[in-house]
Amino acid sequence: MKSVSVKKPQSFFGERSLPAIEVAPRLLRNQSRRDFLVFGAGALAALAGAEFLLPQDTLSRMGMHRNMDSPGKEWFLNKALRIDDDVAEAFYSVNRRVPTYTKSQVTPLKNNYNGTTPDPGYISGWKLTLGGLASGLTISLDIRHVLTRFSMHEQITRLVCVEGWSAIAWWAGLRFDDLLRAYPPMPQAKWAHVESSVNLDASGNPDPYFMSLDLATAHHPQTLLATHFHGQPLTVDHGAPLRLLVPVKLGLKNVKAITRITYVAEEPRDYWAERGYSRYDGI
Amino acid sequence: MSHSTPPDCEPNSTSTLPEQPGVLVVRKHHFLVRWSHWLNVAILLGLVLSGISIYWASPIYQHEPDPNTGNADVAADVGIWICAHVPGLHAYSSPPDWIYKHMSLGPGMLAQALRLHWVCAYSLMLNGMVYVAGLAMGGGWRSLLPRRTDLLDALRMFRYYLGFPFAKLARRQWLHPLFNTKYNALQRTAYFSVPVAGLLSVATGWAIHKPMQLHWLAALFGGYNAARVWHFWLMWIYILFVVPHVILVFADGWDTLRSMIVGWSTRVERPEVGRNEQ
């Protein structure tokens, strides 16, 4: 008596029984050996990759004291940063506004000077120096000029730090875009080199701060040269008398106590990029 | 699996030498599924280690600074407690750093941690696509779809595992629940949920990374700060999954572990018959 197997109707989503196949033992053995070799080689490659890429301090803690630092390692890891920066730049749109908030949503913003807070003595004689202009001149502006010559804009936005924390703060200042219109950069300029010469390190020694800002971001309507914080003129803690407020970028681009802006054609030096962080920092 | 040397013969020869019988196996895991599975071990490890180093820079869980230690980080508190209570660690050089030095790349290396996190994160996204391709091409995706009966069946499996050690010690019968699918309900629940969690990690990661350009994405998770909290707790799903997963794979026998390397299994069953093991 021959048994009849009835095939149950199968839905597209229904579990299928695993297809059983008959394989010659030799073939199975060869295939298995190949797979074990492939994945074994992969495991070794992963270990080698880890040894190559992990930070030296981490390797030392694991017992590996051989110096693994190499130009190749730095190149590869920085390439990852550059690719991520390129992705960030692809996301950027001059038309996209960052979320804004109400005064009741403001949160505390701590003094985030990385080193010591500068002595406020620099404020009284402060000037903003502009270079790389189309006119070929070097311009110096004092705070009175800045406050009277330009219309002030208020905005309440989130400042996001590379460390992960953030704060919602109320700022007022002139649009960077308005400064660019009043004092146009030379035509071949694509970058602004924004500097603060009064910045200090943790021991209180001079440690000039500088960063690169692409002009496309400088033109963004929410990129401000801020003069006021929470309705009051900036205090030294927050970069008096003029600081950058660029909410489409990480906090480290929001230079405090700007002393000089130079427009350049090639991407200029960036303080944190030289310390292993990314360059474009678009969020 | 047969280990004897087969006689060298053509498949359709008219030779009188007996042909070696073929081995009956089931195709269980497509090559791309196997590839992405093992690569994920390295990638997830890299993400967790670098992720916790990033967490160090601005911990989500903080309290008022302790008057004695000055420490505000809850995770560092764990390290301080460990060093104070584990013999041999009382003289540890920096107790607040203990957790970070043992569960991450280390404290105070944000730039390096971020770089590695991007290397692993982009790799994870690519690897995830490889995994989906493998599930599609091998048809394995069907075995992962959740079913209505899964909730109760998964709980039954969980109860089985809970009672197993006691039953072994008491030498009593403890019956493995019957199932006739590729995975039991608990497996299916886990193997479905973990990739979903992976997708959420990627989404919350992008929300944290691009809170302005992708502010709508951050808003889906409750905002920038909330997205960070999601991202942190999702990490624990992988950590808490891996431990029982590895234990149970080993407990299930060599065939199970091998099948994730070679892709086939010798456990060939007729679909109506379930496995009933004690």
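**Exercise 1. Describe how strand 6 of chain A is paired and how far it is covered.**

Step 1: the pairing with strand 7. Strand 6 of chain A is joined to strand 7 (residues 209-214) of chain A by six bridges, and the two run antiparallel. Strands here are DSSP runs of E with at least two residues, helices are runs of H or I with at least four residues, and both are numbered from the N terminus. Two strands pair if DSSP finds at least two bridges between them. The model is predicted: local features need pLDDT of at least 70 and side-chain atom pairs count only at pLDDT 80 or more, while totals for chains, interfaces and linings use all residues. Residues are numbered from 1 along each chain as its sequence is written, and chains are lettered from A and ligands numbered from 1 in the order in which they are written.

Step 2: the pairing with strand 11. Five bridges connect strand 6 of chain A with strand 11 (residues 260-264) of chain A, again in the antiparallel sense.

Step 3: one residue as an example. Trp191(A) stands opposite Asp214(A) in strand 7 of chain A and opposite Val264(A) in strand 11 of chain A.

Step 4: the cover. Strand 6 (residues 191-196) of chain A is mostly covered, with six of its six residues buried. A residue is buried if 20 or more other C-beta atoms lie within 10 Å of its own, exposed if 12 or fewer, and partly exposed in between, with C-beta atoms placed from the backbone.

Step 5: the two directions. In a regular strand the side chains alternate between the two faces of the sheet. From strand 6 of chain A, Trp191(A), His193(A) and Glu195(A) point one way, Ala192(A), Val194(A) and Ser196(A) point the other way, and all are buried.

**Exercise 2. Find the order of the open sheet of three strands and state which strands stand at its edges.**

Step 1: the first pair. Strand 1 of chain A and strand 1 of chain B run antiparallel and are joined by four bridges. Within this pair, Glu22(A) has Leu24(B) as its bridge partner.

Step 2: the second pair. Strand 1 of chain B also pairs with strand 2 of chain B, in the antiparallel sense, over two bridges. Here Val26(B) stands opposite Ser265(B).

Step 3: the order. Put together, the open sheet reads 1(A)-1(B)-2(B), with antiparallel pairing. Strand 1 of chain A and strand 2 (264-265) of chain B are at the edges with a single partner strand each, so one side of each is left without a neighbour in the sheet.

**Exercise 3. Describe the contact between chain A and chain B, then that of helix 3 of chain A with helix 4 of chain B.**

Step 1: the whole contact. Chain A places 49 residues in contact with 46 residues of chain B. Two residues are in contact if their C-beta atoms, placed from the backbone, lie within 7 Å.

Step 2: the elements of chain A. At least two residues each come from strand 1 (20-23), helix 1 (25-53), helix 2 (56-61), helix 3 and strand 4 (153-160) of chain A. Helix 1 of chain A gives the most, with 11 residues.

Step 3: the classes. The side of chain A that touches chain B has 28 nonpolar, nine polar and 12 charged residues. Ala, Val, Leu, Ile, Met, Phe, Trp, Tyr, Cys and Pro count as nonpolar, Asp, Glu, Lys and Arg as charged, and the others, Gly among them, as polar.

Step 4: the helix pair. Helix 3 (residues 71-91) of chain A packs with helix 4 (residues 110-138) of chain B at an angle of about 70°, their axes 9 Å apart. Axes are lines fitted to C-alpha atoms, for helices over the stretch in contact, and angles run from 0 to 180 degrees between N-to-C directions. The two helices are therefore roughly perpendicular to each other. Angles under 35 degrees count as roughly parallel, over 145 as roughly antiparallel, 65 to 115 as roughly perpendicular and the rest as oblique.

Step 5: the residues. Leu77(A), Ala80(A), Leu81(A) and Asp84(A) meet Arg115(B), Trp118(B) and Val119(B).
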